[in-house]
Amino acid sequence: MPIAPEHRDLYRAFLDQGLDAWLARLPDQLARGLDRQRYGDLPAWEKAVAKLPDLPETRRVELDRDTVSVEAALEDSQRRQAESLLRKLMPWRKGPFCLGGVNIDTEWRSDWKWQRVAPHLAPLNGRRVLDVGGGSGYHAWRMAGAGAAFVLVIDPSPRFFWQFRAVRHFVGDADGHRTHFLPVGIEDVPERLAFFDTVFSMGVLYHRPSPLEHLVQLKEALRPGGELVLETLVVEGDATTVLLPGERYAAMPNVYFLPSSAALCQWLERCGFHNVRVVDEAATTTEEQRASDWMTFQSLADFLDPDDPIRTREGYPAPRRAVIMANRPG
């Protein structure tokens, strides 16, 4: 079966990285993740990306700034065309981006999260990085901008895949084709891979009905001595505190376990991590997560109790997020 053009770099990268066992699974994983019968909107997203205007060879790409940006000399008509096509991929959740003069104001100020995480990372220069649940790939581009040698985003959403491909259209080869997207979940990563120098799991753990299993999967993806960056919803409390919400939490239907940071550290240690440390913890604000012109649905402000904004509308503590770092033993 011929390899689709948008997948060629991915296959080549897996070959270059020696991921032979995983490479054999790629055709099935890509077919499932981008199944047109399962995802009815997928052809429209693919068509939108295919119609993006050609860019001049001379462009300025910045992956190490708060806004992932590509400056290119487009005609006004081309810029309007690009904006119209990029809007067909809405909602845009993670960013911000500025692509050919089109400013994409995403729901999340993901740059704020990066600012909280980046000072605590082992230097990414030359490292192989996995971004689990990476959405449109904003943080992956920042990882490439920090010098990572190989960055792989995994996220099962085909919309995010085509948002990533749209950004790739603008970035071109400015990152050395080091940044890639595979539309799968963590369960599709081969067991006991022991490959990545750094694994990020940000905004994923609370969606997993078996959080300890998720932590073990993350550990198995890391090489010995590799670093885990875990960012997730937490609640205040001691090492015995874990909130199990009802049907919904902050209007989200698939939230299972919200531990305290202390409890989460214990979970990580029980799963075999060491050097576990909390590097940041703070309440999520309505300035960091909000509706925008590029994500016009309800957002955090709509999910809080209007009379008591330190509670969700279900009566639980309002969202609070922590960043915890840990290492797989060497």
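The following legends describe close-up views of a predicted model.

Figure 1. The domain assignment divides the protein into domain 1 (1–184) and domain 2 (190–329). Between the C-alpha centres of domain 1 and domain 2 the distance is 23 Å. Domain 1 contributes 40 residues to the contact, and domain 2 contributes 37 residues.

**Figure 2. The largest nonpolar core.** In soluble globular proteins, nonpolar side chains tend to be buried together. Here, the largest nonpolar core comprises 50 residues. Leu 86, Phe 97 and Phe 200 are the residues with the most contacts inside this core. Among the contributing elements, helix α8 (residues 158–171) gives the most, namely eight residues. Both domains take part: at least three residues of this core come from each of domain 1 (1–184) and domain 2 (190–329). A second, separate core holds 38 residues, including Tyr 11, Ala 13, Leu 182 and Ile 186.

Figure 3. Leu 86 belongs to helix α5, which spans residues 76–87. Leu 86 counts as buried because its relative accessibility is 0%, where the cut-off for a buried residue is under 20%. When neighbours within four places in sequence are left aside, the residues in contact with Leu 86 are Leu 52, Trp 92, Leu 99, Val 102, Ile 104, Ala 166, Phe 170 and Trp 294. Gly 172 is 86 residues away from Leu 86 along the chain, and the C-alpha atoms of the two are separated by 16 Å.

**Figure 4. Packing of helix α1 against helix α3.** Two packed helices are described by the angle between their axes and the distance between the axes. For helix α1 (residues 8–16) and helix α3 (residues 26–33), the angle is about 145° and the axes are 12 Å apart. The crossing of α1 with α3 is right-handed. From α1, the residues Leu 10, Tyr 11 and Phe 14 meet Leu 26, Pro 27 and Leu 30 of α3. By residue class, this contact of α1 with α3 consists of six nonpolar residues, with no polar and no charged ones. Tyr 11 of α1 is also included in the second, separate core of 38 residues.

**Figure 5. Helix α10 and the elements that cover it.** Helix α10 covers residues 261–270, and its buried residues are Ser 261, Ala 263, Leu 264, Cys 265, Trp 267 and Leu 268. The elements covering these buried residues include the helix α9 (211–221). Strands are also among them, including β11 (222–233), β12 (242–243), β13 (258–259), β14 (274–283) and β17 (320–327). After α10 comes Gly 272, which has a positive phi near 100°.

Figure 6. With a relative accessible area of 0%, Leu 233 is buried.

Figure 7. The peptide bond from Met 90 to Pro 91 is cis, and its omega is near 5°. Pro 91 sits in the loop between α5 (76–87) and β3 (94–95). A cis peptide bond also links Gly 95 to Pro 96, with omega of about 20°. Pro 96 sits in the loop between β3 and β4 (97–99).

**Figure 8. Positive phi values at two alanine residues.** Ala 194, a residue other than glycine, has a positive phi near 50°. Its place is the loop between β9 (179–182) and β10 (196–202). Ala 194 is partly exposed, with a relative accessible area of 32%. Ala 251, likewise not a glycine, has a positive phi of about 75°. The loop between β12 and β13 contains Ala 251. Ala 251 counts as buried because its relative accessibility is 15%, with under 20% as the cut-off.

Note on methods
Residues numbered from 1 in each chain as written. Predicted model: local features only at pLDDT ≥ 70, side-chain atom pairs only at ≥ 80, totals over all residues. Heavy atoms only, no water. Axes fitted to C-alpha atoms, helices over the stretch in contact; angles between N-to-C directions. Helix = DSSP H or I, 4+ residues; strand = E, 2+ residues; numbered from the N terminus. Left-handed = near helix turned anticlockwise from the far one by under 90°. Contact = heavy atoms within 4.5 Å. Nonpolar A, V, L, I, M, F, W, Y, C, P; charged D, E, K, R; others polar. Core = buried A, V, L, I, M, F, W, Y, C linked by side-chain atoms within 4.5 Å. Buried < 20%, exposed > 50% of the residue type's maximum accessible area, 1.4 Å probe, protein only. Domains from an automatic or database assignment.
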